[in-house]
Amino acid sequence: YQRPGCHLPTTIWLIGSQQGVGKGLCMSALKVILGTDNVRQVNLGELRGEWNDFIQGNQLLIGDEIKLDSKKDFYDMMKRYVGSPTVALRKRNVGQYEVPNVANWIFTTNAVRPVTIEPDDRRNVFIATTERADARVLADQFFRLSEQCKRRAYEGLAALLGAIQIDQAFISTAISTPLK
C-alpha cells in the first residue's frame, strides 16, 4: 500500500481449512484500498494459459482457491513471476515483450498443502488462518454496514496500513512459519 510499484520477491499464502474466516473479506478490502484497477483476481485458466498479459499493470494479483493438477509445475511457473525485477509477458497477436515486474501475489485457500515447495524455498510465506467466534461476529457486523460505513472502515484500514513502518529486508524475505 505504501509503495505502489514495488515488487516483492515473495508471495503470501493465507491458508486455513475453515471457510468463512475472513480471507475473502481481507482481499476485498485490499481491492478497495489499492484501487480496483490495480488489483486482479486471477483464475487457474489464466495461470495455465499461453497468454500471461493479465499481469501487466496490476499491483496485486489474487489467486483464490486455485486447484492444482501439478503442485510442482505451479511452483516452477511462479518462480518466473515472483523472483525477477522484470517479467516476460505473452499477449495474443502481439508476441512476447518484457515489462517491469510491479505485481505482488497473494493466494487464499482452504487446502492445507496447496503447493509443493523446495526445501530451501525463499519465495513463499504461508500464514495459517484460524477461526474465532468473535471474528465471525465482527465480519457479520461489517457486512451489515451501509456502503458509506464500509468505505469509512476501508479508509481506517488504509490509514493503519499507512502508519506501519516498513522494514524492507523483512518484507523481502520468505518468513519461515510453522505452516511452511
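What percentage of the 180 residues of the chain count as buried? The share is 33%, where buried means under 20% relative accessible area, exposed over 50% and partly exposed in between, with a 1.4 Å probe and protein chains only. This is a predicted model, in which local features need pLDDT of at least 70 and side-chain atom pairs count only at pLDDT 80 or more, while totals for chains, interfaces and linings use all residues. Residues are numbered from 1 along each chain as its sequence is written, and side-chain values use heavy atoms, with hydrogens and water left out.

The chain holds six helices and seven strands, in the order β-α-β-α-β-α-β-β-β-β-α-α-α along the sequence; helices (H or I, at least four residues) and strands (E, at least two) are DSSP runs numbered from the N terminus. Of the contacts with a separation of 6 or more, 74% join residues 24 or more positions apart, a contact being heavy atoms within 4.5 Å.

Along the principal axes, the C-alpha atoms fill a box of roughly 45 × 35 × 30 Å.

In the loop between β4 (86-91) and β5 (95-100) lies Asn93, which has a positive phi of about 65 degrees although it is not a glycine. Asn93 is exposed, its relative accessible area being 79%.
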